[in-house]
Structure formats: structure tokens, C-alpha cells
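This briefing is intended for reading alongside the sequence and the coordinates. It begins with terms and overall architecture and then turns to individual elements and residues.

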Amino acid sequence: MSIQMIGIDHSRAGIDIRTIFSFTKKRCAEALDFFKGIEGIEGCILLSTCNRMELYVSCEEEFQGSLFDLLCEVREIPDGGFYRSYFVYREGEEAVAHLFRLAAGLESRILGEDQIITQVKDALALAREQYAADNVLEVLFRMAVTAGKKVKTEVSLSTANRSVIHQALDTLRQEGHTFEGKICMVIGNGEMGRLTATVMHEAGADVTVTVRQYRSGIVDIPRDCKRIDYGDRMQLFPKCDYVISATASPNYTLKEHCVREAQVSHPVVLVDLAVPRDIDPEAGKLENITLYDIDYFKVDIKSEKVRANIARADHILEEQMEEFYTWYECRDVIPKIQEIKEEAARDVELRLTKVIRDLPLEKEMQEKLRGCIGAAAGKVVNKMLFGLRDTVSQAAFRECVEGLEKLYEE
């Protein structure tokens, strides 16, 4: 079994290149169905955010397929050679280490940002829904999320708990923009849209959020923000000082001709936080319109204190990764341990059958007691074996398991 990944991110490619390889949730599900059908691939998980796209697979050791070529095939790019240099390929421990650092926010555009943990969890959840995540990737992603949470609990990063919208506002303030009393429309009511609306409201803006009419008829928006139907957004547009779009739509939410026809007579700042783009780049060339995309907002230079905290985070991740490697190297004996637990439970039950039968209990209660004893025996065996695994060498642990197997074979 081998773990491989291939990815493209904000550090290697601009938004126009990343857009080509980005996936909506629907297209991500379709891609997972495609990848898991490839001979030699046992499991796959696809992570697609505004800053990165990464494909993780667990595959047979003999697998010789090209993940890059498979990505180009699923994205219907006939000759993708031009884009190969934008991608990075990792396998084995390098791939594992990258995922753990990613989940901890150490690979994010905004150091320590919180959204990435949710995004990693969501990628795993979608792979589960498509029956694409095998046991290896399931455990890898779950342990990476646990490690990321541990880092966030124990290490303080100066830019933690921030996101792209926080960075965007900091950058705009440095360029002389103000938000107090300004009219702002946020296009998108997903996670990023709600966060953007909240942050803009906290900055003093009068915020309106676009909503779509879902079948349930119930749409939550941040407290103290107004709402407007998405289809009516251009009616509000001419009154706005800021329009921020943050959706997962594969299409433009603001097209050039719509912005042009709005005929704004005062400066309007458009901020596009989406990948693929939400706002037509041509709209930024119009009079009174200033357009910023997500790549415009850069990460602050890390201080020495932050660098020291990153080193602490890396140490925590190394310990957490060691737990994964221990599991990974011994995963083939887990079915054997399960069989030993079941045999031990049956052994205990049989030895206590006469004692339980002689108890002054109804038959139903006797059966319940027998079941509880069997379950308890299984838990004790499980605790002893995995405790042993953590205290002896791998070779010695395997010998112990094999010895117990032979014991119950007799």
C-alpha cells in the first residue's frame, strides 16, 4: 500500500491557473467516482478550496499511474503538459507530513487560519459519501484533523483565528479604505459569505447578504445584517461602496455587462474571494470600479516569535504523525486482533456459563449478563494488546499476536 498526493496551491499558481483545476462539490463527487474506478487505486480524497486543490490516493505499491494525467483527464484538458510545473507531487511520509501541516494551518495563506480544519473534514466527509475513502485515508485524515486541533489548542500563532477577509480588510485599510457607515453587499451565504458579512458588520459597514430561495424557505444570515434575493442584487449594486463575492458558483456572480449597465457614479470596490472567480475581471476596467481578487491579499511576514511557535507546532505534529505510522505499520494485524478478542470473549463466556446458569436470575437477564461479560472481556484484551503495541518493538508485538492466534487455534 502506498499514499500519494498531487496538488496545486496559491504559492505555486495564480488564481487563473488554480481555477482550471478547482472543483465544485458536485464535480468533486464526480471526480471521486472516476478516480476510485482506476485500477490500482484503493481510496481517494479530493480537497478543493479557494487556495488549493489536492488529490490524495492510497494505492497498490505497483501502481504506476500518473495522478497529474488523471486530473487532466477528469478536467477534460487534452494536453495538460503546460500546467505540470505548477503541481507538486508527494508520496509516503512526505505526503502524510504535508497533510498534517495543512490541517494545522501551517500551509495556509493566512497562518493558523481556522477554516482549513473544516475543509479537511468536509473533504473526508464527501469521500465517505461517495464510498471513495478507504481505511488508510479515513484514519490518515481523522488523525490529521485531531493533530490540527491539538496544535490550535496548544500553540498561539499571531495570525491565528483569521481568514482571507480579515487579511483583505487589513490590506484595504493600509491603502486608505474605510468601512464605518459604508454600504456593503456580500454575495454568497455559505461559510465564507457569512464570515465575510460578520467581519464587515463588525468593521462598521451596513451589510446586506444575498440569499437564494431554497425549498425549505429558511435561510440564516449573520445577526444584524440585511438580506436581498440574489436575483435582485443589481438593484442594490449602484448604492454600494463595497461588493464582496464569496460563493462556490462555477459561473460569474457579477458579469462585466451587468456592472457596466449599473452605471455607478461613485467609487465602488469589488472584492472577489472565490476560486474559480466570481467576478468577471473585465468589470475591474470600468470607470469608478476597483477590483481585487484573492491573490492580491498577501500574508504578513512571520516574526521570530511566530517562527518559534511554528517549530513548536511541528514538534506536536511529529508526535501525532508517529501515532499514524504505528497504526499504518500494524494495520494488517488489526483483523487478527479482532478475531482474538472474539475468541477470548467466547472463552470467558463458556467458562462462566455454569456460574451464570446457577444464579437466581431470569433467563433474559442471564443472557444479558453473559453478553456484558463477553463485551468486557473483549475490551480488556483490546486494551492489553494495544498497550503492548505501544511498549514493545513492532516485531515483538507481531510475535505476541501470532502466539495468541495459535493459542486459540488449538
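Two strands are said to pair if DSSP finds at least two bridges between them. Helices (H or I, at least four residues) and strands (E, at least two) are DSSP runs, numbered from the N terminus. On these terms, β8 and strand β9 (residues 268–272) pair in the parallel sense over four bridges.

The model is a predicted one, in which local features need pLDDT of at least 70 and side-chain atom pairs count only at pLDDT 80 or more, while totals for chains, interfaces and linings use all residues. Residues are numbered from 1 along each chain as its sequence is written, and side-chain values use heavy atoms, with hydrogens and water left out.

**Overall architecture**

- The chain contains 14 helices and 10 strands.
- The C-alpha trace spans about 90 × 55 × 45 Å along its principal axes.
- Of the 410 residues, 48% count as buried; buried means under 20% relative accessible area, exposed over 50%, and partly exposed in between (1.4 Å probe, protein chains only).
- Strands of a sheet pair through backbone hydrogen bonds, either parallel or antiparallel.

**The six-stranded sheet**

- Six strands, in the order β7-β6-β5-β8-β9-β10, form an open sheet with parallel pairing.
- At its edges lie β7 (226–229) and β10 (289–293), each of which pairs on one side only.
- From one strand to the next, the twist averages 20°; angles run from 0 to 180 degrees between N-to-C directions, and axes are lines fitted to C-alpha atoms, for helices over the stretch in contact.
- Strand β5 (residues 183–187) runs parallel to β8 and is joined to β8 by four bridges.
- Four bridges also connect β5 to strand β6 (residues 206–211), again in parallel, and V186 has V209 of β6 as its bridge partner.

- Which residues face S245 on the neighbouring strands? I187 stands opposite S245, and D272 in β9 is the bridge partner of S245.
- Together with helix α10 (residues 256–262), β8 and β9 make a right-handed β-α-β unit. A crossover is right-handed if, with the strands pointing away from the viewer, the path from the first strand over the helix to the second runs clockwise.

**The four-stranded sheet**

- A further open sheet has four strands in the order β2-β3-β1-β4, with antiparallel pairing.
- The edge strands are β2 (41–48) and β4 (88–91), and each pairs on one side only.
- The twist here averages 15° from one strand to the next.
- Strand β1 (residues 2–9) and strand β3 (residues 52–59) run antiparallel and are joined by eight bridges; I8 has M53 in β3 as its bridge partner.

- The axes of helix α2 (residues 25–36) and helix α3 (residues 67–74) come within 11 Å and cross at roughly 135°.
- That angle makes α2 oblique to α3: angles under 35 degrees count as roughly parallel, over 145 as roughly antiparallel, 65 to 115 as roughly perpendicular and the rest as oblique.
- The crossing of α2 and α3 is right-handed. A crossing is left-handed if the near helix is turned anticlockwise from the far one by less than a right angle, and right-handed if clockwise.
- Helix α5 (residues 115–129) and helix α6 (residues 135–154) have axes that come within 10 Å and cross at roughly 165°; the two helices are therefore roughly antiparallel to each other.
- The crossing of α5 and α6 is left-handed.

**Residue D33**

- D33 is found in helix α2 and counts as partly exposed, at 38% relative accessibility.
- The side chains of D33 and K36 make a polar contact (3.4 Å). Such a contact is a pair of N or O atoms within 3.5 Å; within protein, one must be able to donate a hydrogen and the other to accept it, and residues adjacent in sequence count only if both atoms are side-chain atoms.

**Backbone features in loops**

- Most residues other than glycine have a negative phi, and most peptide bonds are trans.
- E76, in the loop between α3 and β4, has a positive phi near 60° and is exposed, with a relative accessible area of 68%.
- Y131, in the loop between α5 and α6, has a positive phi near 55° and is exposed at 74% relative accessible area.
- V275 and P276 are joined by a cis peptide bond, with omega about 0°; P276 is found in the loop between β9 and β10.
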